[in-house]
Amino acid sequence: MTEETPGAAYRIEDLAHRSGATVRTIRAYQDRGLLPRPERRGRANVYSDAHLARLRRIAELLDRGYTLASIKELLEAWDTGRGLGGLLGLVAEVDGPWTDEEAVRISRAELDERFGGAPHGTAVADAEVTEAAVADARVTEAAVAEAVELGVLERIPGQDDVFLVPSPQELAVAAELHGAGVPLSAISGHLRELRVQVEHIAARFLEFTTEHVFARYLGDRPPADADATEAAALVRRLRPLARQTVDAELARAMRLFAHRELRRHLGADGHVPDRGRTRDVAVPEATVTAVERSVGAEHTAEFFALAAERELRARRLDALTAQAGSSNKLDEPP
């Protein structure tokens, strides 16, 4: 960007050309109080570098998603000397990437290869490959459309056979699941369900950090420049915590439920269990909590089952002992 000549004067048409805004937009900004009125020199209205800088600042804030009403408040804060450098730094920190992944491109042919399931090295034109098999080896238009809707793929204007992949890891997971036999429709449904849960986690994390960390920076008015700079530094520090927490908790939960699911299909000793009928039994919550603290949540069900079995065996032993004692009494001489 070239620097403007100090003290330059512009007609409204020149200002529009240099700023990228239209004449109509400039006048609308003036009417809304976003842009100061021009200086009157004779019969002409003259704009300065300050007007140009203001227009560029407005465009920058609009690109960041601010409304004109919010921009007006920010510019008023700037005019009173509070500054916008820290606030724009905070906005940039929040709007920046929340992952180290870099988007890649993938062709439709590569999608067919990764998700179609055709044997590697099999040419489509091979006479042994039937037309039906070729059709099955291609990703359907419906599957592509759903992937685009979910944001897994993004269309590139003017390139119908090339897509942008925002998260290569997410696409790789889908390919692995599909290769393991999961239908594409099931993968899409799972992603939709998972996304709802993850968005709930993200919302709760933001609520938590806002309440305990960022509340002092937020209010009816934009934060002061120094406060915004401090808040931006905090965002930078706390940014990885959400992912680290979710990674750790997901690993814990997967270990717990995978172990529990395996024990459900295989008995504790590794043998196939008796698949007879089961019944739900009400147990006081305090008792369950005490057992969880003693043996861990993943062993609670096993503990109750073994405890019940031990009790039944103890009662059986008592019954046998009592029966033996009764028989001995009958055999005693009078």
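Is Val246 buried, exposed or partly exposed, and what is its relative accessible area? Val246 is partly exposed, with a relative accessible area of 35%; buried means under 20%, exposed over 50%, and partly exposed in between, for a 1.4 Å probe and protein chains only. The model is predicted, so local features need pLDDT of at least 70 and side-chain atom pairs pLDDT 80 or more, while totals for chains, interfaces and linings use all residues. Residues are numbered from 1 along each chain as its sequence is written, and side-chain values use heavy atoms, without hydrogens and water.

The chain contains 13 helices and 5 strands, where helices (H or I, at least four residues) and strands (E, at least two) are DSSP runs numbered from the N terminus. Of its 334 residues, 23% count as buried. The accessible surface comes to about 23900 Å², and carbon and sulfur atoms hold 55% of that area; such areas come from the Shrake-Rupley method with a 1.4 Å probe, and for residues only the protein chains shown count as cover.

Val246 lies in helix H11. Together with Ile201, Leu250 and Met254, Val246 forms a nonpolar surface patch with about 360 Å² of accessible area. Helix H11 (residues 225-265) supplies the largest share of this patch, 3 residues. Patch residues have over 30% relative accessible area and no salt bridge; nonpolar side chains (Val, Leu, Ile, Met, Phe, Trp, Tyr) are joined within 5 Å, like charges within 9 Å. A salt bridge is a side-chain nitrogen of Lys or Arg within 4 Å of a carboxyl oxygen of Asp or Glu.

His51, in helix H3 (residues 49-63), is buried, with a relative accessible area of 8%. Beyond its neighbours within four places in sequence, His51 is in contact (heavy atoms within 4.5 Å) with Leu15, Leu35, Pro36, Arg37 and Pro38.
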